[in-house]
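Today I am going through a structure with my notebook open.

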Amino acid sequence: MSIRISDEVRQAIAEGKPVVALETTIVAHGMPEPTNIETALAVEGILRDGGAIPASVGLIEGDIVCGLSEAELDRLAHDQHVVKAQERDFGRAIRNRLSGATTVGATLLVAARCGIEVHVTGGIGGVAPEVGMNLDISADLPAIARSPLITIAAGTKAFMDTAATLEAMETLGVPVGVWQADEFPWFYSTSSGLKVEWRVESAQEIAEIFRAERDLRPGAGMFLGVPLLPPDALPAAQTRAAIDTALRRMREQGITGKAATPFLLSTIFEETGGASLTANVALIKNNARVGAQVAVAVAQSRLAI
Ligand code: PSU
Ligand code: MN
């Protein structure tokens with residue numbers, strides 16, 4: 001599999017500089033225009049300001065790209081034919097010269113091949129509600145377990161079953177830390193109410209732990225949850241009410257599969273009077289601020305070996 005790496009990203013990796021991989025499904029399918037491209041570019045800016053080089057990943061006419069240009073990002077944000085590419089979709093996308101946005105799982109595959117060690121997103125895919133009925137467990141979870149990167153997100157997508165997702169990450173052997181807090185975040189809201197064992201105090205701490213694991217589990221990843229704090233975070237009761245309404249309408253209307261996430265996101269948007277999108281943008285930026293710090297510490301820890 002060949003990957004087109006931008007000159008800037010290639011050079012940064014070669015020189016051992018901090019690099020942060022970014023998934024693009026959230027740009028193409030997770031946010032409306034023009035918020036999506038504005039946020040994608042703002043996140044890249046935040047990473048640069050924090051001393052890290054951004055590497056947005058995607059598919060452009062069948063080429064896997066690590067380090068999308070602004071024009072390429074813009075295309076993924078606006079083109080209606082952009083597919084949502086999970087790992088299993090790469091072969092078809094290459095053969096059929098498709099353009100696509102990569103999910104967390106697909107982005108991790110590309111980033112690992114390029115030697116990148118930190119990955120930032122909004123929220124990961126998780127275990128869906130009523131998993132016993134639908135077996136819907138995101139391919140993001142096994143990908144995080146088997147890719148040697150730290151994935152940084154505000155938890156899982158808000159309408160997933162967060163408790164079940166934490167159980168799945170335990171089964172898969174993924175260490176789960178939370179940034180300067182004791183409870184796992186809940187995407188739009190600061191806390192899911194679920195306690196975790198590992199409170200991460202600093203970027204240096206997680207970098208050292210990541211490095212300590214490399215010998216023992218060279219192919220394994222880690223997850224760092226970053227809570228969105230007030231005033232940007234939505235009150236938990238508001239998140240709960242909006243999600244319950246959205247899930248109920250989804251069932252009533254018989255919406256399933258790939259249509260589920262866009263439907264839920266737009267319903268939650270309506271139910272919160274647009275506040276969910278504001279929180280979504282804020283949490284991605286927040287994750288990028290922490291991600292830059294972690295990438296800088298990870299790059300330094302590599303030099304210390
Ligand atoms: N979180 C969001 N919006 C999104 C995603 C996550 O708020 O669009 C995307 C990410 O790219 C993630 C993917 O990898 O959804 C997971 O999709 P699924 O649940 O189908 O595995
Ligand atoms: Mn799914």
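I started at proline 34, which sits in the loop between α2 and α3; helices here are DSSP runs of H or I with at least four residues, strands are runs of E with at least two, and both are numbered from the N terminus. The bond joining glutamate 33 to proline 34 is a cis peptide, with omega about -5 degrees.

Some ground rules for my notes: this is a predicted model, where local features need pLDDT of at least 70, side-chain atom pairs count only at pLDDT 80 or more, and totals for chains, interfaces and linings use all residues. Residues are numbered from 1 along each chain as its sequence is written, chains are lettered from A and ligands numbered from 1 in the order in which they are written, and side-chain values use heavy atoms, with hydrogens and water left out.

**Backbone, continued**

I found a cis peptide bond between proline 230 and proline 231 too, with omega about 5 degrees. Proline 231 belongs to the loop between β11 and α11 (236-253). Next I checked glutamate 130, a residue other than glycine whose phi is positive, near 55 degrees. I place glutamate 130 in the loop between β7 (118-120) and α7 (131-134). A reminder to myself: most residues other than glycine have a negative phi, and most peptide bonds are trans.

**Ligand 1**

Which residues come nearest to ligand 1? Of the 14 residues around it (a heavy atom within 4 Å), I noted Glu23, Lys84, Val104, Ser138 and Asp140 as the nearest. I then looked for polar contacts, meaning pairs of N or O atoms within 3.5 Å; within protein, one must be able to donate a hydrogen and the other to accept it, and residues adjacent in sequence count only if both atoms are side-chain atoms. Serine 138 has a polar side-chain atom 2.6 Å from an oxygen atom of ligand 1. For aspartate 140 I wrote down 2.7 Å from a polar side-chain atom to a ligand 1 oxygen, and for lysine 84 it is 2.8 Å. Ligand 1 exposes 480 Å² taken alone, and the protein buries 92% of that (Shrake-Rupley areas with a 1.4 Å probe; for residues, only the protein chains shown count as cover).

I searched a 1 Å grid over the protein atoms alone: in a cavity a 1.4 Å probe fits but cannot get out, a pocket is an open set with protein on both sides within 12 Å along at least five of seven lines, and lining residues have an atom within 4 Å of a point. Points are joined across faces, edges and corners, and a volume is the space filled by probe spheres set on them.

I got 1 cavity of 30 Å³ or more, and the largest cavity holds about 140 Å³. Of its 16 lining residues, Leu22, Glu23, Ile26, Val27 and Val43 are the closest to its centre. Helix α3 gives the largest share of this lining, 4 residues.

The second largest pocket has about 320 Å³ of space. Among the residues lining this pocket I listed Leu166, Met169, Val196 and Trp198. Helix α9 (residues 162-171) supplies the largest share of the pocket lining, 5 residues.

**Aromatic rings**

How many aromatic pairs does the whole structure hold? I found 2, taking rings of Phe, Tyr and Trp (its six-membered ring) with centres within 6.5 Å; planes under 30 degrees apart are stacked, over 60 edge-to-face, and the rest tilted. Phenylalanine 184 and phenylalanine 223 make a tilted pair, 5.9 Å centre to centre with 35 degrees between the planes. This pair links distant parts of the chain, 39 residues apart.
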